[in-house]
Amino acid sequence: MGVRDILDVLLVAALIYQGYLLVNGTRAVNVVRGVLIFAAIWLISSLLGLSALSYLLGRAGTVGLFALVVVFQPELRGALERLGRPRSRDSGRGSAALLDLSRAAERMAERKTGALIAIERLTPLGEYARSGVRLDAQISAPFLEALFARNAPLHDGGVIVQADRVVAAACLFPLQASDGTYRRYGTRHRAALGLSELTDAVVVVVSEERGSIRVALQGRLGPELTVSELRDRLRELVYEETL
């Protein structure tokens with residue numbers, strides 16, 4: 001075995017590992033395991049000369065491949081999008097916006113006013129911003145509270161934040177499929193999970209029923225946070241400046 005063969009093996013191993021990282025934590029993991037088991041049975045049947053079984057598995061595999069592409073289109077899109085994300089992070093975002101956002105979330109939680117705020121990181125959220133009303137306004141706690149006030153024109157849907165500006169409100173976010181994990185949560189939380197699953201956005205959600213503050217990231221919902229914990233969490237995930 002030469003240097004080229006070793007390099008080839010290492011590259012294949014790295015590719016398989018990166019593929020696992022892309023699907024890890026999604027419902028596609030169990031499907032990958034099932035595909036591997038199916039392929040193993042197919043290989044064994046071919047080695048044993050079971051021609052009829054090998055033929056049927058081969059036909060089923062061809063049809064199943066196209067079916068998987070259709071069924072798991074959101075997961076495939078999310079995986080490819082994560083693969084193409086730039087690796088650098090913009091460090092020019094102000095800590096004042098972070099403080100205003102945290103204060104607004106605290107006040108809305110105290111009044112049990114539901115809120116859904118997506119903070120853009122490396123993945124552009126332009127397509128979701130276009131589904132709402134364009135604003136391009138400076139972030140402030142009173143402004144965010146006014147947007148989500150009951151009976152306000154833009155209180156339905158989510159708000160999208162880029163750096164220190166609110167770029168759109170009343171935006172439609174994709175809902176995460178209800179697989180039982182978060183079945184006790186409502187539409188607002190499922191929208192936060194759905195957007196965080198397809199993008200790298202940090203989504204802050206305030207519960208109207210419980211008055212709790214949570215952060216959705218990578219299709220997972222974090223624990224309830226106090227305002228100081230929220231500020232620290234957002235600083236860790238979004239901002240590089242220290243308050």
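**Close-up views of a predicted model**

Asp136 is partly exposed, with a relative accessible area of 48%.

**View 1. Asp136 and Arg165 form a salt bridge.** The model shown here and below is predicted. The N-to-O distance in this pair is 2.8 Å. Asp136 sits in strand β2 and Arg165 in strand β4, 29 residues apart, so the pair links distant parts of the chain. Arg165 is also partly exposed, at 28% relative accessibility.

**View 2. Seven strands make an open sheet.** The order is β2-β4-β3-β1-β5-β6-β7, and the pairing is mixed. β2 (133–138) and β7 (220–221) stand at the edges. Each has a single partner strand, so one side of each lacks a neighbour in the sheet.

**View 3. Strands β1 and β5 run antiparallel.** Five bridges join β1 (residues 115–119) to β5 (residues 202–206). Ala118 stands opposite Val203 in β5. Helix α9 (residues 227–237) lies across β1, β5 and β6, at about 20° to β6.

**View 4. Helix α5 covers residues 95–110.** Just after α5, Lys112 takes a positive phi of about 55°.

**View 5. Arg107 forms a salt bridge with Glu145.** The closest N and O atoms are 2.9 Å apart. Arg107 lies in α5 and Glu145 in α7, so the pair ties together parts 38 residues apart in sequence. Arg107 is partly exposed at 34%, whereas Glu145 is buried at 12%.

Technical notes
Residues are numbered from 1 along each chain as its sequence is written. This is a predicted model: local features need pLDDT of at least 70, side-chain atom pairs count only at pLDDT 80 or more; totals for chains, interfaces and linings use all residues. Side-chain values use heavy atoms; hydrogens and water are left out. Two strands pair if DSSP finds at least two bridges between them. Helices (H or I, at least four residues) and strands (E, at least two) are DSSP runs, numbered from the N terminus. Contact means heavy atoms within 4.5 Å. Axes are lines fitted to C-alpha atoms, for helices over the stretch in contact, and angles run from 0 to 180 degrees between N-to-C directions. The expected span of a helix is 1.5 Å times one less than its number of residues. A salt bridge is a side-chain nitrogen of Lys or Arg within 4 Å of a carboxyl oxygen of Asp or Glu. Buried means under 20% relative accessible area, exposed over 50%, partly exposed in between (1.4 Å probe, protein chains only).
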